[in-house]
Structure formats: structure tokens, C-alpha cells
Amino acid sequence: MLTQYQTLLLSPDEDGLAAAASLLQAGELVAIPTETVYGLAANAFDEQAVGRIFEAKGRPQDNPLIVHIADFDGLEQLVTAVPPRALALAKAYWPGPLTMIFRRSRLVPAAVSAGLDTVAVRMPSHPVARQIIRAAGVPLAAPSANRSGSPSPTTAQHVLADMMGRISAVLDGGECEVGVESTVVDMTGEVPCLLRPGGVTPEMLKAVTGELAVNAAVTEQLKQGETAASPGMKYKHYSPQAKVTLVKGSPRAYAEYVNARQGDGVMAMCFDGEEALLRVPYITYGSREDPLEQAHRVFDVLRRLDERHARQVYCACPSAHGVGLAVYNRLLRAAGFEVIALD
Ligand code: TXA
Ligand code: MG
């Protein structure tokens with residue numbers, strides 16, 4: 001049975017950071033703010049602590065974790081080599097919402113990488129994340145701090161809603177700026193390969209690396225029997241309790257489609273300024289033209305739909321350009337890949 005904890009809500013002041021650091025050093029789990037989403041952190045070198053992450057989240061054992069560092073010096077001990085293009089990406093976008101996959105060094109327990117011979121590393125830019133990594137004095141393994149399957153947490157309150165009693169503490173750093181998880185790029189092959197879109201866009205990556213492959217799982221469902229390059233991408237994800245359907249079309253076509261389906265528990269998730277035509281309850285998630293705002297709000301809105309007991313959500317489909325690709329990728333998974341295209 002899972003141990004019960006009295007989950008502390010810590011402020012990111014001197015006392016809170018010291019308390020969080022000593023919990024982490026003792027092998028406990030602490031949720032920490034980052035600029036993307038909250039992470040559920042443990043000492044990456046402590047195999048038992050890492051094991052607790054999988055238990056607390058209910059995470060499948062074959063889904064590897066990201067290791068967080070505060071300084072470039074922290075990278076060397078985690079990986080066998082830093083390819084020149086990875087170094088160039090690190091110089092351009094670290095600290096920030098970019099995770100790179102390297103060959104794993106022997107210092108990193110296999111449990112962190114779910115047995116793969118690679119390791120995912122990220123240097124977050126959130127000041128509290130950087131402070132806590134330095135205070136703990138070790139790299140921190142951290143997946144998103146939600147229960148496996150549910151939307152990622154972008155506030156300390158979201159973390160508590162999922163993790164109360166299951167972890168030792170939450171460090172409250174306010175709302176996460178980016179709002180969707182980091183971009184994941186595999187740097188171990190000939191050509192860098194995008195595994196998960198995020199705040200660092202394909203265009204930003206290509207500007208540094210020249211070439212970029214994009215894993216098919218970014219925009220398509222894995223076929224039966226196919227192996228996932230990024231194991232996390234194969235699971236149903238980011239879902240509220242409600243069934244979500246993505247609807248592609250003009251504001252008018254979208255509203256007509258949704259209005260024709262009004263009924264108990266039917267809700268719309270639409271763009272700001274496009275709500276006037278709707279005759280069902282709705283929550284907006286940013287303007288059609290503003291993917292940064294959509295990313296910032298998307299997970300909070302998915303959680304609020306649950307609070308309002310939505311059973312069927314028709315979500316206006318975002319454009320898959322720039323950071324919009326990350327928003328589209330997450331909503332596609334929340335929708336179990338169900339997309340209706342209207343003309
Ligand atoms: O922004 C983020 O990345 C947040 C914050 C907390 O840093 N973390 C996060 O972790 O989103 P998580 O565990 O929810 O997602 C990690 C993703 C998964 O899709 C996982 O499969 C992939 O990264 N991943 C981790 N290690 C990998 C590896 N060695 N090879 C391929 N994919 C890997
Ligand atoms: Mg996650």
C-alpha cells in the first residue's frame with residue numbers, strides 16, 4: 001500500500017527552500033514549479049526515491065523521467081558525450097523549455113530511464129526550480145506532477161488536487177508561464193529528432209541544428225504494435241474525465257456544429273471572442289491567433305471542465321504552427337485522436 005503523507009505546502013522563501021532541499025536529500029518527493037508545468041522531483045541518483053515517483057503518479061514502469069540540472073556543469077556526469085549540435089541547442093535555449101536525450105552515463109540509475117540506455121536532461125529557467133536544484137545539491141528527476149493520465153499541473157493547487165497525501169511537499173511558485181511541457185528532442189542519432197513539441201518550436205530548433213526529423217507520434221496515433229520513441233507519447237494523456245472531441249473549422253461552422261449537439265453535460269472549449277454564437281456552456285482558452293496564451297491556459301481549462309462536470313467537450317481545434325503544435329499535440333491526446341473536420 002502507498003504510504004500516506006501530510007503534504008506540506010511550502011513558500012519559495014529561505015525556509016521553504018531549505019525544507020524542500022532536506023526532504024529531497026532524504027529521498028522524499030517534492031513537487032516543484034518550473035516554467036513549463038510543475039514537476040514531481042526526487043534525487044535522480046537515489047534509485048529508491050525515483051521508484052517512489054512511479055508509485056505516487058501511478059506511472060507505467062516503462063515511461064522514463066527527465067533529469068533537471070541548474071548549471072551546465074551538471075550535464076557531464078549524466079551523459080557519456082555531448083554532441084556538438086546538442087551543445088549548440090543548449091547554448092541557444094538553456095535554461096528553458098527544452099529537453100534533450102543523450103546516451104546515459106553509469107551514474108544515472110536505470111530506473112530513471114525505465115531501462116533505456118539514454119537519459120533525458122533539461123535545464124529549467126524558473127528561478128525557484130534553479131534554486132531548489134542548487135539547494136538539494138543533486139540533479140532532480142521529475143515528471144509532470146499530475147496523476148498519470150490527467151492534465152499536467154500548472155499551479156500548486158492543481159498538484160494538491162492530484163497528489164495530496166501521496167507526496168511530502170509542494171513548493172508553491174505560482175502559475176507556470178509556458179503551461180505545456182518542454183520540447184523533447186532526441187540528440188543520439190544522426191539527425192536530431194523531435195519527440196514532443198513544446199515551448200521551443202521546430203522553427204527555433206532548425207534555426208540552430210539545420211536539420212530536424214519529426215517523430216510521427218507528434219501528430220499521429222501509433223499503429224498497433226509500433227514501438228514509441230518517446231514512451232510517454234503512447235499513453236492516453238492529458239485527459240479530463242469528459243470525452244473530448246476536437247472540431248476544426250471557422251468560428252461559425254464550429255458554433256453550428258456544437259449548438260446542434262447541445263444537451264446535458266455538453267460543453268464547448270473555444271477561442272476568446274468566439275463565444276457569442278454558442279448556445280452551450282463554454283470555457284475559452286485564449287484567442288485563435290495566440291498560441292502562447294492557449295498553451296498557458298490549456299491544462300487549467302481541461303481541469304475546470306471536470307469541475308463543471310462536463311461529459312462531452314467540443315474543443316475548437318488550434319492551429320498547429322509554432323507553439324500551437326504543442327497545444328494541438330496535447331489536445332489531440334486529450335481527445336484520443338478524435339478530430340472532426342468541418343468545411
Ligand atoms: O516540461 C517538462 O518536461 C516537465 C517539467 C516538470 O520539466 N516534465 C515532464 O515530464 O513533462 P514527463 O515525465 O511528464 O514527460 C517526459 C517525456 C515523456 O514523454 C517520456 O517518455 C519522455 O519525456 N522521455 C524521458 N526520457 C526519455 C528517453 N530517455 N528517451 C525518450 N523519451 C524520453
Ligand atoms: Mg507528464
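Student: In which hand does H4 pass H7?

Tutor: The model is predicted. In it, H4 crosses H7 in the right-handed sense.

Student: What else describes such a pair?

Tutor: Two packed helices are described by the angle between their axes and the distance between the axes. Here the axes of helix H4 (residues 84–93) and helix H7 (residues 202–209) come within 9 Å. They cross at roughly 125 degrees. That makes H4 oblique to H7.

Student: Which residues in H4 meet which in H7?

Tutor: From H4, take Arg85, Ala88, Leu89, Ala92 and Tyr93. From H7, take Met204, Leu205, Val208 and Thr209. By class, the contact holds 7 nonpolar, 1 polar and 1 charged residues.

Student: Now the backbone. What should I look for?

Tutor: Most residues other than glycine have a negative phi, and most peptide bonds are trans. Look for departures from that. A cis peptide bond joins Trp94 and Pro95, with omega about -10 degrees. Pro95 sits in the loop between H4 and strand S5 (98–103).

Student: What is the phi of His309?

Tutor: His309 has a positive phi of about 60 degrees, and it is not a glycine either. His309 lies in the loop between helix H9 (291–307) and S15. At 63% relative accessibility, His309 counts as exposed.

Student: Is Arg303 buried or exposed?

Tutor: Arg303 is buried, at 9% relative accessibility. The cut-off for buried is under 20%. Arg303 belongs to helix H9. Beyond its neighbours within four places in sequence, Arg303 is in contact with Asn146, Ser150, Pro151, Ser152, Pro153, His158, Ala161 and Asp162.

Student: And Glu177: buried or exposed?

Tutor: Glu177 is exposed, at 61% relative accessibility. Its place is the loop between strand S8 (169–171) and strand S9 (183–186). Leaving aside neighbours within four places in sequence, Glu177 is in contact with Glu35 and His296. The C-alpha atoms of Glu177 and Ala20 are separated by 22 Å. Those two residues are 157 apart along the chain.

Student: How do I read the faces of a strand?

Tutor: In a regular strand the side chains alternate between the two faces of the sheet. Apply that to S6. Thr118, Ala120 and Arg122 are on one side, and Val119 and Val121 are on the other. Both faces are covered, and these residues are all buried. With 5 of its 5 residues buried, S6 is largely enclosed by the rest of the structure.

Student: Which strands pair with S6?

Tutor: Strand S4 (residues 66–68) pairs with S6 in the parallel sense over 3 bridges. Val67 has Val121 in S6 as its bridge partner. S5 and S6 run antiparallel, joined by 5 bridges. Thr99 stands opposite Arg122 in S6.

Student: In what order do the strands of the open sheet with S14 come?

Tutor: The order is S14-S13-S15-S12-S16, 5 strands with parallel pairing. Strand S14 (282–284) and strand S16 (339–341) stand at the edges. Each has a single partner strand, so one side of each is left without a neighbour in the sheet. Neighbouring strands are turned by 25 degrees against each other on average, direction ignored.

Student: How many bridges link S13 and S15?

Tutor: Strand S13 (residues 266–270) and strand S15 (residues 312–316) pair over 4 bridges, in the parallel sense.

Note on methods. Residues are numbered from 1 along each chain as its sequence is written. Chains are lettered from A and ligands numbered from 1 in the order in which they are written. This is a predicted model: local features need pLDDT of at least 70, side-chain atom pairs count only at pLDDT 80 or more; totals for chains, interfaces and linings use all residues. Side-chain values use heavy atoms; hydrogens and water are left out. Two strands pair if DSSP finds at least two bridges between them. Helices (H or I, at least four residues) and strands (E, at least two) are DSSP runs, numbered from the N terminus. Axes are lines fitted to C-alpha atoms, for helices over the stretch in contact, and angles run from 0 to 180 degrees between N-to-C directions. Angles under 35 degrees count as roughly parallel, over 145 as roughly antiparallel, 65 to 115 as roughly perpendicular and the rest as oblique. A crossing is left-handed if the near helix is turned anticlockwise from the far one by less than a right angle, and right-handed if clockwise. Contact means heavy atoms within 4.5 Å. Ala, Val, Leu, Ile, Met, Phe, Trp, Tyr, Cys and Pro count as nonpolar, Asp, Glu, Lys and Arg as charged, and the others, Gly among them, as polar. Buried means under 20% relative accessible area, exposed over 50%, partly exposed in between (1.4 Å probe, protein chains only).
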